[in-house]
Amino acid sequence: MKHRSPVIPDDFRCPVSLELMKDPVIVSTGQTYERSCIQKWLDAGHRTCPKTQQTLLHTALTPNYVLKSLIALWCDSNGVELPKKQGSCRSKKSGGGSGASDCDRAAIDALLEKLANGNTDQQRAAAGELRLLAKRNADNRICIAEAGAIPLLVELLSSPDPRTQEHAVTALLNLSINESNKGTIVNAGAIPDIVDVLKKGSMEARENAAATLFSLSVVDENKVAIGAAGAIPALISLLCDGSPRGKKDAATAIFNLCIYQGNKARAIRAGIVGPLMGLLRDSGGGMVDEALAILAILVSHPEGKTAIGLAEPIPVLVEVIRTGSPRNRENASAVLWSLCSGDLEQLRLARELGAEEILRELLESGTDRAKRKAGTLLEQFPRLDAAPPL
């Protein structure tokens with residue numbers, strides 16, 4: 001283990017692999033990834049941004065030459081070798097049973113011995129070291145899992161020591177970046193314990209528990225298990241009272257979980273619509289994007305449509321379509337379209353607030369999806385002229 005290696009700036013790490021980027025590219029949401037990592041994501045059939053979960057307008061990858069130059073300068077000034085051609089998103093085969101190439105198996109085994117048999121201080125320190133090692137690179141994530149750390153870390157999720165609990169859940173978060181580790185974590189029975197940390201842990205532990213649940217929920221069958229374990233009410237609680245980062249972690253996890261239809265009902269019945277509307281109306285709170293994205297996915301559920309309709313959303317939706325970002329205008333138009341379809345009262349209110357004019361403008365300048373929603377919504381307004389007055 002290279003204890004004296006310089007700390008890589010977060011902006012230089014790929015959000016997927018957490019490795020130093022060699023060929024940074026920009027996707028349509030403005031996020032930057034290592035080319036091989038995002039290409040692997042796209043090749044697997046995904047059409048969303050891994051970090052924001054926003055739908056990609058297109059799959060073109062634009063080289064980030066400025067960041068590439070900054071990384072080269074940083075490597076030169078810190079004596080770090082530029083990443084090699086092969087990239088960092090492919091798992092490296094272990095040789096001779098010794099694990100991945102850059103990890104020190106003996107040192108990891110010593111840490112696991114402390115996790116299993118040490119006192120509270122030793123367990124805390126060992127979990128913290130594994131947390132850092134798992135964050136450092138892909139080789140360590142493979143080696144730590146192969147050494148059998150995951151079941152021991154899962155046991156520490158119920159530790160009465162708050163700092164040990166934080167280290168354990170964050171180590172599992174870092175390990176879950178490796179796709180094969182996700183299954184190992186779930187098979188070790190981690191989901192109920194992670195949900196318990198989400199409910200009762202420190203703020204840092206709750207935030208990282210939310211991020212871990214998001215990471216695990218990338219696997220579709222895990223969405224069902226996480227929802228069934230009671231995660232959604234706890235995520236809604238974090239969405240309401242968390243730090244800015246905690247709120248974003250909670251929103252990302254909720255969005256991903258609600259791709260599964262059964263979790264939409266769970267979220268609606270847990271009272272998510274009120275907090276989402278509060279975030280949507282608080283334009284300075286930095287959560288408008290996330291609130292709209294979740295509302296757009298919940299409104300497709302009958303209970304969601306009813307609950308959102310009762311929250312008097314039309315004025316704020318019309319305002320977002322008038323002044324919001326392209327992505328937010330798209331999501332707001334999708335929600336508005338769903339609410340107004342078959343509901344003359346909502347449609348009449350939208351017209352009174354000037355929706356027709358801004359929808360015509362959206363029809364000219366919006367994203368493809370926003371144009372489709374604007375067009376079909378504009379076709380609804382003549383029904384008002386044929387309907388008897390209220």
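**Salt bridges and buried positions in the predicted model**

Asp249 counts as buried, its relative accessibility being 17%, where buried stands for under 20% relative accessible area, exposed for over 50% and partly exposed for what lies in between (1.4 Å probe, protein chains only). The model is a predicted one, in which local features need pLDDT of at least 70 and side-chain atom pairs count only at pLDDT 80 or more, while totals for chains, interfaces and linings use all residues. Residues are numbered from 1 along each chain as its sequence is written, and side-chain values use heavy atoms, with hydrogens and water left out.

Asp249 takes part in a salt bridge with Arg245, the closest N and O atoms being 3.3 Å apart; a salt bridge is a side-chain nitrogen of Lys or Arg within 4 Å of a carboxyl oxygen of Asp or Glu. Both Arg245 and Asp249 belong to helix α13, four residues apart, about one turn of the helix, and helices (H or I, at least four residues) and strands (E, at least two) are DSSP runs numbered from the N terminus. An α-helix has 3.6 residues a turn, so residues three or four places apart point the same way.

Arg245, which is partly exposed with a relative accessible area of 43%, forms another salt bridge with Glu207, again with the closest N and O atoms 3.3 Å apart. This pair links distant parts of the chain, since Arg245 is in helix α13 and Glu207 in helix α10 (residues 203-217), 38 residues apart. Glu207 counts as buried, at 5% relative accessibility.

Ala253 also lies in helix α13 (residues 244-257) and is buried, with a relative accessible area of 0%. Apart from its neighbours within four places in sequence, Ala253 is in contact (heavy atoms within 4.5 Å) with Ala210, Phe214 and Leu235.

By the rule stated above, the count comes to 23 salt bridges. Among them, Glu34 and Lys22 meet through their side chains (3.4 Å, N to O), and this pair links distant parts of the chain, with Glu34 in strand β2 (residues 32-34) and Lys22 in the segment before β1 (24-26), 12 residues apart. Glu34 is buried, with a relative accessible area of 1%. Arg131, Arg163, Glu166 and Glu204 are linked in a network of salt bridges.

In helix α17 (residues 302-310), the buried residues are Gly304, Ile308 and Gly309. Seen down the axis of α17, these residues fall within an arc of 125° (taken from the directions from the helix axis to the C-beta atoms), so they line one face of the helix. On the other side of α17, Pro302 and Leu310 are exposed.
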